[in-house]
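Here is a quick walk through one model, written for someone who likes cut-offs spelled out. Have the viewer open as you read.

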Amino acid sequence: MKKNANILEYVEKYKYKYGISYAVDGGKLVKTLGVLTGIVWVYLFFMLALSILSFALNFSAGVLNYSDLSSVFITTIVCAVVMIAAAALFVCKQKIAGCIVAIAVQPFIVLAYAPISVYGVGYLPSFYWKFAVPAALLILFAAVLLFVLIRARVKTNKLYSMLVEGLYKQYGTRDSEKLTDSEWDEFLTNYNPYKQVL
């Protein structure tokens, strides 16, 4: 159900009046976590893009056998595309969905490169700084950001519901009859906490 913009504004005034404070989307904590997540995302995506280019060049030159590494190559391409989708969701104000998608793809990246790092295509130490550590950091930052965003949404929803329920108890009837949905929406849109509407 879509929330009334006027009541959401009242929620912010209510929070200020009663000293209710928590990290919200657009706040300093969310911005900081977003920047940290973005930096790690760029680094990891750059590593994936380099890997795709390296695989393609080595396959075409005949240095590597495609049949031996096709699953890793395909996984790398899919993971890169999914990471682009996660970034697009984040930029399009769907931060919770973007974080979930970004977190979900990281295990696939690590699992794809761990075996080939152990068995000789590349080196084990480079696997950690190229993929494992960045993936772990991305999961950490995105998970904390996800927690903050979900908590903010839950708290705001609770405050919104509490205020709407309180208003309905006080103003939800007119001449002993309940307001219709359209009348109630109109009331919420015009509600001013400093002036009785009805």
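## Ground rules

This is a predicted model, so keep in mind that local features need pLDDT of at least 70 and side-chain atom pairs count only at pLDDT 80 or more, while totals for chains, interfaces and linings use all residues. Numbering starts from 1 along each chain as its sequence is written, and side-chain values use heavy atoms, with hydrogens and water left out.

Helices here are DSSP runs of H or I with at least four residues, and strands are runs of E with at least two, numbered from the N terminus.

## How α2 meets α3

Let's start with helix α2, residues 28–61, and helix α3, residues 66–91: they pack at an angle of about 150°, and their axes are 10 Å apart. The axes are lines fitted to C-alpha atoms, for helices over the stretch in contact, and angles between N-to-C directions run from 0 to 180 degrees. That angle makes α2 roughly antiparallel to α3; the label applies over 145 degrees, with under 35 counting as roughly parallel, 65 to 115 as roughly perpendicular and the rest as oblique. The crossing of α2 past α3 is left-handed, meaning the near helix is turned anticlockwise from the far one by less than a right angle (clockwise would be right-handed).

Which residues make the contact? On the α2 side they are G34, W41, L44, F45, L48, S51, I52, F55, A56 and F59, and α3 brings Y66, L69, V72, F73, T76, I77, C79, A80, M83, I84, A87 and F90. Contact means heavy atoms within 4.5 Å. By type, the residues in this contact split into 19 nonpolar, three polar and no charged. For that tally, Ala, Val, Leu, Ile, Met, Phe, Trp, Tyr, Cys and Pro are nonpolar, Asp, Glu, Lys and Arg are charged, and the others, Gly among them, are polar.

## Two residues from that contact

F73 is part of helix α3 and counts as buried at 13% relative accessibility. The scale goes like this: buried is under 20% relative accessible area, exposed is over 50%, and partly exposed is in between, with a 1.4 Å probe and protein chains only. Setting aside neighbours within four places in sequence, F73 is in contact with I52, F55, A56, F59 and Y66. F73 and Y113 are 40 residues apart in sequence, and their C-alpha atoms are 9.8 Å apart.

V72 is in helix α3 too, and is buried with a relative accessible area of 7%. Not counting residues up to four places away in sequence, V72 touches F55, A112, Y113 and I116. As for Q170, it sits 98 residues from V72 in sequence and 63 Å from it in space, C-alpha to C-alpha.

## Cysteines

How many disulfides does a search of the whole structure find? Zero, taking a disulfide as a pair of cysteine sulfur atoms within 2.5 Å. C79 is in none, as the nearest cysteine sulfur, that of C99, is 17 Å away. C79 is buried, at a relative accessible area of 3%.

C99 is in no disulfide either; the nearest cysteine sulfur is that of C92, 14 Å away. C99 is buried as well, with a relative accessible area of 2%.

## Around α4

K93 belongs to the loop between α3 and α4, the latter spanning 95–118. Its phi is near 65°, a positive value in a residue other than glycine. K93 is exposed, with a relative accessible area of 68%.

Is K95 buried or exposed? K95 lies in helix α4 and is buried, with a relative accessible area of 19%. Leaving out residues up to four places away in sequence, K95 touches D25, V30, L89, F90 and L149. A97, also found in helix α4, is partly exposed at 30%. Q106 is another α4 residue, counted as buried at 0% relative accessibility. Beyond four places in sequence, Q106 touches L44, M83, A135, L138 and I139.

## The end of α5

Y171 lies in helix α5, residues 124–171, and is buried with a relative accessible area of 9%. Y171 and W184 are 13 residues apart in sequence and 8.9 Å apart in space, C-alpha to C-alpha.
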